[in-house]
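Trainee: I would like to learn how to read the features of a model one by one, with the general idea before the particular case. Could we begin with the helices and the rings they carry?

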Amino acid sequence: MNIFGIGLPEMALIMVVALLVFGPKKLPEIGRSLGKAIRGFQEASNEFQSEFKREAEQLEQAVKTTAEIEPKQIEGVKSEQDSAGSSPAA
């Protein structure tokens, strides 16, 4: 078992030290607070990740739309130039 790069023996040592420092009555409260903090961090991380993916998809869609429209605009400008260039000059 490896949580945050900390193995089981290190985790047990941390728990024993925490038990000695905070006492058995305060330890569950600290554990709950730590759990809530980690859960909040995970939720914020997931929200950031989903927002980043959504923005990337929107950007990709805009690039695809531009890539589809641009050749049509270039063809339209070329045909206008060809028709203007072949018309008799006054």
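Mentor: A helix here is a DSSP run of H or I of at least four residues, a strand is a run of E of at least two, and both are numbered from the N terminus. In this case F48 and F52 both lie in helix α2, which covers residues 27-86, and they are four residues apart, about one turn of the helix. Please keep in mind that this is a predicted model, in which local features need pLDDT of at least 70 and side-chain atom pairs count only at pLDDT 80 or more, while totals for chains, interfaces and linings use all residues. Residues are numbered from 1 along each chain as its sequence is written, and side-chain values use heavy atoms, with hydrogens and water left out.

Trainee: How many aromatic pairs are there, and by what rule?

Mentor: Rings of Phe, Tyr and Trp (its six-membered ring) pair if their centres lie within 6.5 Å, and planes under 30 degrees apart count as stacked, over 60 as edge-to-face and the rest as tilted. By this rule the count comes to one aromatic pair. That pair is formed by F48 and F52, with 6.4 Å from centre to centre and 25° between the planes, and it is stacked.

Trainee: Are F48 and F52 buried or exposed?

Mentor: Buried means under 20% relative accessible area, exposed means over 50%, and partly exposed lies in between, with a 1.4 Å probe and protein chains only. F48 is exposed, and so is F52. For the protein chain as a whole, buried residues make up 3% of the 90 residues.

Trainee: What does the secondary structure of the protein chain come to?

Mentor: It comes to two helices and zero strands. For the span of a helix, the expected value is 1.5 Å times one less than its number of residues. Helix α1 has 15 residues and reaches 21 Å from its first C-alpha to its last, close to the 21 Å expected. After α1 comes G23, whose phi is positive, near 90°.

Trainee: Which residues make the nonpolar surface patch?

Mentor: Patches are made of residues with over 30% relative accessible area and no salt bridge, where like charges are joined within 9 Å and nonpolar side chains (Val, Leu, Ile, Met, Phe, Trp, Tyr) within 5 Å. Here L13, V16, V17, L20, V21 and F22 make a nonpolar surface patch of about 620 Å². One of these residues, V16, lies in helix α1, and V16 counts as partly exposed because its relative accessibility is 46%.

Trainee: How many salt bridges does a search of the whole structure find?

Mentor: Side chains of opposite charge can pair when their charged atoms come close. A salt bridge is a side-chain nitrogen of Lys or Arg within 4 Å of a carboxyl oxygen of Asp or Glu, and the search finds three. R54 forms one with E51, their closest N and O atoms being 2.6 Å apart, and because these two residues are three apart in helix α2, they are separated by about one helical turn. The side chains of E60 and K64 meet at 3.6 Å, N to O, and these residues are four apart in helix α2, again about one helical turn. K26 forms a salt bridge with E29, with 3.7 Å between the closest N and O atoms.

Terms used: Areas by Shrake-Rupley, 256 points an atom, 1.4 Å probe, with all protein chains shown as cover.
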